[in-house]
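Here are my notes on the model, point by point. Please read them with the structure open.

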Amino acid sequence: MFERDVQALKNSRILLMLIDGRVPDEGACVELGMAYAYNKICIGFQTDIRKFSGLQNNLMIDYSFTYNIAHTWDELREILLKIKI
């Protein structure tokens, strides 16, 4: 399963990571790190309003995203339109 996941990341253009909840999912964090290392476009989507003020995630997560973290569907749409997805 891990090898299939790595291959899917290598073949992808972007990684979209949902970062809601108390802490980001550990597996998604590994995928984010790999996608960043592979120079993929990394997008964060966080709708959990408890974390909207400033950088509330681990800095290694927040600074891995290519764009600011989207907090609404409209913000996510704008990011995707910028990269023409």
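Contact here means heavy atoms within 4.5 Å. This is a predicted model, in which local features need pLDDT of at least 70, side-chain atom pairs count only at pLDDT 80 or more, and totals for chains, interfaces and linings use all residues. Residues are numbered from 1 along each chain as its sequence is written, and side-chain values use heavy atoms, with hydrogens and water left out.

1. Leu-76. Start with helix H4 (residues 73-82), where Leu-76 is found. Helices are DSSP runs of H or I with at least four residues, strands are runs of E with at least two, and both are numbered from the N terminus. Leu-76 is buried, at a relative accessible area of 5%. The accessibility classes are buried under 20% relative accessible area, exposed over 50% and partly exposed in between, with a 1.4 Å probe and protein chains only. Neighbours within four places in sequence aside, Leu-76 is in contact with Leu-16, Ile-43, Phe-45 and Ala-70. Its C-alpha atom is separated by 22 Å from that of Ala-8, 68 residues apart along the chain.

2. The H1/H2 pair. How do helix H1 and helix H2 pack, and at what angle? H1 (residues 2-11) and H2 (residues 26-37) pack at about 40 degrees, and their axes are 10 Å apart. That makes H1 oblique to H2. Axes are lines fitted to C-alpha atoms, for helices over the stretch in contact, with angles from 0 to 180 degrees between N-to-C directions. Under 35 degrees counts as roughly parallel, over 145 as roughly antiparallel, 65 to 115 as roughly perpendicular, and the rest as oblique.

3. The contact residues. H1 supplies Phe-2, Asp-5, Val-6 and Leu-9, and these meet Glu-31, Met-34 and Ala-35 of H2. By class, the contact has 5 nonpolar residues, no polar and 2 charged. Nonpolar covers Ala, Val, Leu, Ile, Met, Phe, Trp, Tyr, Cys and Pro; charged covers Asp, Glu, Lys and Arg; the others, Gly among them, are polar.

4. Two glutamates in H2. Glu-31 lies in H2 and is partly exposed, with a relative accessible area of 23%. Beyond its neighbours within four places in sequence, Glu-31 is in contact with Asp-5, Leu-9 and Leu-15. The C-alpha atoms of Glu-31 and Val-6 are separated by 8.0 Å, at 25 residues apart along the chain. Glu-26 is also found in H2, but is exposed, at 60%. The C-alpha atoms of Glu-26 and Met-1, 25 residues apart along the chain, are separated by 16 Å.

5. Cysteines. How many disulfides does the structure hold? The count is 0, a disulfide being a pair of cysteine sulfur atoms within 2.5 Å. Cys-29 is in no disulfide, and the nearest cysteine sulfur, that of Cys-42, is 12 Å away. Cys-29 is partly exposed, at 25% relative accessible area. Cys-42 is buried, at 0% relative accessibility.

6. Asn-39. Please check the backbone here. Asn-39 has a positive phi of about 60 degrees although it is not a glycine. Most residues other than glycine have a negative phi. Asn-39 is found in the loop between H2 and strand S2 (41-45). Is Asn-39 buried or exposed? Asn-39 counts as exposed, at 72% relative accessibility.
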